[in-house]
Amino acid sequence: MGLHNHELEQCNYHVYIPANPDYPVLNVSAAIQLVCYEIWQASQQDKKEEAPAEYPLHKEMQLFYEHLESALRKTRFIIPQHEGKVMKKLIRYFNRSRPEQIELNMLRGILRSVDETAARAEQTLPTDNTPAESSHQQNNQDNGAKS
């Protein structure tokens, strides 16, 4: 038996191993052996020495996902009545793209900007007792009386 869906959702990468089309099933140990062999093969090739990129820790990605969901709810991109699978698909997308630490910091900055904009917009919305709302209601009543 393979991994459950909730376990697969925790993975940063999903690997496809082309197998015999007549019997395309590998047990976990055989799959791990193949992946390890391919990683070893890739490490044996001559490559230019590059400074390794800094990647965020799992916990940092989890905090990003929580911040993303919060911002999407504030902007009403995600609404409770129709949540669908938005967050699951976005998590899969960001796991596949594997943002570096600097990129994740930029994304968090964007979300912070969205939060600030949403907070300012919330402060400027008229409440039930504001004159703007009352005049709007009065105009609607006047229009109804004329018809």
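A pocket is defined, on a 1 Å grid over the protein atoms alone, as an open set of points where a 1.4 Å probe fits, with protein on both sides within 12 Å along at least five of seven lines, and its lining residues have an atom within 4 Å of a point. The structure is a predicted model, in which local features need pLDDT of at least 70 and side-chain atom pairs count only at pLDDT 80 or more, whereas totals for chains, interfaces and linings use all residues. Residues are numbered from 1 along each chain as its sequence is written, and side-chain values use heavy atoms, with hydrogens and water left out.

The second largest pocket is lined by 15 residues, and those nearest its centre are Q10, Q62, Y65, M87 and I91. Two or more lining residues come from each of helix 3 (58–74) and helix 4 (86–97), where helices are DSSP runs (H or I, at least four residues) numbered from the N terminus.

Beyond its neighbours within four places in sequence, L104 is in contact (heavy atoms within 4.5 Å) with P56, E60, M61, F64 and P99.

The count of disulfides (pairs of cysteine sulfur atoms within 2.5 Å) is zero.
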